[in-house]
Amino acid sequence: MSYPRLHIDLDRIEHNARTISRLLAAHDIQVAGVTKCVCGHPAVARAMLRGGVSAIADSRLQNLLRMRDAGVQSSFMLLRLPPLSALGQVVELATVSLNSELQVLSGLSQAAHSQDRLHDVIIMVELGDLREGVPAESLLATVRAALQLPAIRLRGLGANLACFAGVVPTVDSMNRLVELAEEVEGSFGIELDTLSAINSSGLTMIEAGTMPARINHARIGEAILLGRETVARRPWPGTHQDAFRLEAEVVELYDKPSAPTDRRSQNAFGDRPEFEDRGVIPHALLSLGRQDVHVPGLVPLDSRLRILGACSGYTALDLAAAADEYRVGDTISFTPDYAALLSAMSSQYVEKRPLQRRSL
Ligand SMILES: *Cc1c(COP(=O)(O)O)cnc(C)c1O
């Protein structure tokens, strides 16, 4: 295969995982490394485990299966709420799942029972991001019923913020989770061993020393893969932001006007892109397009280059600031953001090239 290629630097991912795991360990917080953005790529999961994450978490059963089949030695957490239609697979592939619906918990118990297993669950609580989670007022009733289920083990409570609505974790929301946990413990005379409260958006609070002590589990994807916390997308100290590099090939290079002059309607995607008229420019086409990657999430490594736009199969670049330096057949590299990484990993047209320099 040729281009586009996604280069994956496993040593950098391992290093990032080590930095984050050590930081959180110093706060008595265990880290599950989240692999959904890389479609459960086994080499990436192994790099995270070498870096010290205590488990692997993914939102998709196919990804857990992929890692298990590749022999990745880890316990697996299922992040996305289990669908009623696949509870047997959930129990088979995941040692622990995140849950919010009683009907599902009950089905999980039956599925676990029929496979002669116990299945661990974390009950998610809605803390304001309006994605998954039991509303606080329904929590006690849900826990009461869950505790009756014979093949389910309640490991603790969880929450997810900053993913859907972009709601930022705060001391208040984290304390809210701790209070709810204490209410559950008091009501049923049990101890919850896990409060899984944060993802990469929680690192700022950890750094500031404001995370309540009872929060003891984190599910971390972006900070390990791309070296950023996710509230301000600030590069995280001591991590690499360039573990991934997308490389694409120049297939046409001519001087062309920077803006079209003829009458325009919508493009192939129903958009009406704007063009800045900068006269005639060296205009490159790459064999890289929207079917490969979320192009707006790419930043050229050569900062003189500008992305003009993209359709399904092409991305157009303005090479004016690097005029005579590129030829047809050359390649151009980009750093992907989270959306671009997710799309490139998910595209069957992008060749993935994991690289491990350090020998084991
Ligand atoms: C995706 C996901 C995460 C990881 O989030 P990052 O911002 O990549 O760290 C954590 N928890 C859940 C439930 C998720 O779906």
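This is a predicted model: local features need pLDDT of at least 70, side-chain atom pairs count only at pLDDT 80 or more; totals for chains, interfaces and linings use all residues.
**The whole chain**

Start with everything shown as a cartoon. The protein has 360 residues, and buried ones make up 49% of them. Its secondary structure comes to 10 helices and 16 strands. Along the principal axes, the C-alpha atoms fill a box of roughly 75 × 45 × 40 Å. Now think about contacts with a sequence separation of 6 or more: 66% of them are between residues 24 or more positions apart.

**The start of the chain**

Select Y3 and P4. A cis peptide bond joins them, with omega at about 0°. P4 sits in the segment before β1 (5-9).

**The largest nonpolar core**

Next, select I13, L157, L225 and F244. These four touch the most other members of the largest nonpolar core, which has 96 residues. To see which helix gives the most to this core, colour α7 (residues 171-188): six of its residues belong there. A separate core of 10 residues lies apart from it, and A57, M77, L79 and I122 are among its members.

Then centre the view on I13. Setting aside residues up to four places away in sequence, I13 touches I8, V44, A47, M48, I224, L225, A243 and F244.

**Two helices side by side**

How do their axes lie? To view the meeting place, select L10, I13, E14, A17 and R18 on the α1 side, then A43, V44, A47, M48 and R50 on the α2 side.

Stay with α2 (residues 42-50) for a moment. Here P42, A43, V44, A45, A47 and M48 are buried.

**A closer look at A17**

Leaving out neighbours within four places in sequence, its contacts are M48, G51, V53 and I224. For a sense of scale, draw a distance from A17 to S106: their C-alpha atoms are 35 Å apart, and the two residues are 89 positions apart along the chain.

**The cysteines**

Show the cysteine side chains. A disulfide is a covalent bond between the sulfur atoms of two cysteines. How many are there in this model? The count comes to zero disulfides. C163 is partly exposed, with a relative accessible area of 42%.

Select D116, in the loop between α5 (102-114) and β6 (119-124). Its phi is near 60°, a positive value in a residue other than glycine. D116 is exposed, with a relative accessible area of 73%.

Your last stop is A162, in the loop between β7 (152-158) and α7. Phi of A162 is positive too, near 70°, and this residue is not a glycine. A162 is partly exposed, with a relative accessible area of 22%.

Terms used
Residues are numbered from 1 along each chain as its sequence is written. Side-chain values use heavy atoms; hydrogens and water are left out. A nonpolar core is a set of buried Ala, Val, Leu, Ile, Met, Phe, Trp, Tyr and Cys residues joined through side-chain atoms within 4.5 Å. Buried means under 20% relative accessible area, exposed over 50%, partly exposed in between (1.4 Å probe, protein chains only). Helices (H or I, at least four residues) and strands (E, at least two) are DSSP runs, numbered from the N terminus. Contact means heavy atoms within 4.5 Å. A disulfide is a pair of cysteine sulfur atoms within 2.5 Å.
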